[in-house]
Amino acid sequence: MSRVENSPLRGWIVTIMLALFMVINFMDKAILGIVAKPLMAELHIQPAEFGLVASSFFLLFSISAICFGFIANRMSSKMVLLILAAIWGLSQFPLAFAASVPRLFFSRILLGVGEGPAYPLALHACYKWFPNDRRNLPSAVIYQGVTLGLLISGPILTFILVRYSWHAAFLTLAIASLVWMVVWFILGAEGRVTSDSETRVHLSHTAHVSYRTLLTDKTFLGNMALYWTTYWIFALMFTWIPSYLGTVLNYSPTETGWMFMLFTGINVPIVLGGSWLSQFLLKRGVASVRARAGLSCIFVLVGGLFICLSLFAVQQPLLKVILLAIGCNLPQLTFVLSSTIVAEIIPDAQRSGMMSVNSALATTGGLIAPALMGRFIQSAATPAAGYDTGFLVAAVLAIAVSVIGFLIINPEASKRRFAARALPATPRVRPVGAALAK
């Protein structure tokens with residue numbers, strides 16, 4: 001049985017463990033792109049089929065995120081995260097010893113089941129240790145686990161690939177998941193900070209809005225579209241960029257690993273700087289329609305323009321990589337601000353469900369993008385032309401969706417609309433077990 005504690009030090013130990021959880025999570029995501037060339041050669045996979053393999057990761061990703069989200073309401077976070085890490089390890093072991101195309105599909109689909117809920121449930125576990133006004137820093141630490149996972153996956157997994165084999169890279173990640181499980185079993189624990197301990201006087205705490213109204217709201221849809229487009233670009237980045245660096249730009253495997261590290265490292269100042277700027281604007285009294293929605297749209301729009309510049313304005317490989325890296329990473333500010341917009345406009349009693357729906361719908365972009373890129377590459381006259389087409393589609397999506405976002409996303413208007421349509425919420429009945437435990 002998980003221990004229930006509230007020590008600040010223990011809370012930070014849990015937070016660091018959750019950050020490491022996300023490091024492994026995103027190394028799992030990145031490995032397929034890093035080992036793409038030798039894997040495709042050994043299994044005789046064409047680009048279109050490889051794209052389907054990459055997209056299969058997202059087949060049950062969104063469904064799993066919602067299902068495990070509801071399971072986490074009834075089960076301790078410690079146990080749920082142990083289950084997810086076990087799924088990661090089990091999914092990687094088959095490819096470590098013997099690989100085939102069916103086994104590769106099975107592995108990536110199973111991995112998607114385990115990783116779909118990972119980020120929201122890691123934050124959920126963290127929030128049990130910190131009250132609302134102290135959650136920003138631990139949340140940022142966990143998010144940096146995402147960036148660190150992508151940063152180190154290039155050099156570490158490439159070293160293992162070159163020194164041993166691509167099978168050994170999968171084995172390394174499987175072992176990493178098992179080691180994390182052991183340490184988490186020893187150090188992990190449940191915090192006891194809950195929303196019930198925080199005072200809320202907002203209308204949203206006692207109101208209910210029909211889900212039809214919430215799901216058809218322009219702000220929710222526009223915000224989700226930004227998130228969806230960002231995930232489209234993000235999926236292309238960790239699936240196809242390593243292969244692009246080696247196949248089109250002719251970097252060696254070792255150079256590709258380091259270049260991919262630099263490619264993802266640009267994310268750190270972009271996302272942290274954008275998040276700080278948004279918070280600064282809000283504190284200065286700037287409305288959320290500008291400080292959050294407008295800023296998200298600007299970053300996605302400029303990202304699309306930088307991708308276009310990398311395709312049409314330069315030929316030098318390093319400069320292409322720099323422009324493409326900026327273009328792919330600028331939209332990722334949406335990963336931070338999208339959830340804050342949903343949390344801002346949705347009534348408290350319905351917030352968790354709608355945040356799960358927002359994430360589940362948005363990540364379907366990752367189901368389509370890698371497969372479509374694979375088709376472009378295989379059907380083009382040259383691999384370079386196929387990559388260019390795929391990146392151009394991503395750029396056009398970013399520009400178009402950001403313009404639409406400028407026109408329809410307005411958190412303040414949505415809050416007024418929901419307040420006008422709100423009905424008193426049915427009082428929540430606490431479970432008998434919880435009452436007795438208290």
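## Contacts of Phe21

Leaving out neighbours within four places in sequence, Phe21 is in contact with Leu81, Leu84, Ala85, Trp88, Ala118, Ala122 and Trp180. Contact here means heavy atoms within 4.5 Å.

This is a predicted model, where local features need pLDDT of at least 70, side-chain atom pairs count only at pLDDT 80 or more, and totals for chains, interfaces and linings use all residues. Residues are numbered from 1 along each chain as its sequence is written, and side-chain values use heavy atoms, with hydrogens and water left out.

## Nonpolar cores

The largest nonpolar core holds 107 residues. Leu18, Phe21, Leu39, Leu81, Trp180 and Phe391 touch the most other members. Helix H11 gives the most to this core, with 16 residues. A second, separate core has eight residues, among them Val209, Leu214, Ile346 and Met354.

A nonpolar core is a set of buried Ala, Val, Leu, Ile, Met, Phe, Trp, Tyr and Cys residues joined through side-chain atoms within 4.5 Å. Buried means under 20% relative accessible area, exposed means over 50%, and partly exposed lies in between (1.4 Å probe, protein chains only). Helices (H or I, at least four residues) and strands (E, at least two) are DSSP runs, numbered from the N terminus.

## Ser177 in helix H9

Ser177 sits in helix H9, which covers residues 166-187. Ser177 is buried, at a relative accessible area of 1%. Not counting residues up to four places away in sequence, Ser177 touches Ile24, Asp28, Ala85, Trp88 and Gly89.

## Two salt bridges

Side chains of opposite charge can pair when their charged atoms come close. How many salt bridges does a search of the whole structure find? It finds two. A salt bridge puts a side-chain nitrogen of Lys or Arg within 4 Å of a carboxyl oxygen of Asp or Glu.

One joins the side chains of Lys29 and Glu115, at 3.3 Å from N to O. Lys29 lies in helix H1 (residues 8-34) and Glu115 in helix H6 (residues 101-115), so the pair ties together parts 86 residues apart in sequence. Lys29 is buried, at 2% relative accessible area. Glu115 also counts as buried, at 2% relative accessibility.

Asp217 forms a salt bridge with Arg417, and their closest N and O atoms are 3.1 Å apart. This pair links distant parts of the chain, 200 residues apart. Asp217 is in the loop between helix H10 (211-215) and helix H11 (218-247), while Arg417 is in helix H20 (residues 411-421). Asp217 counts as buried, at 3% relative accessibility. Arg417 is partly exposed, with a relative accessible area of 27%.
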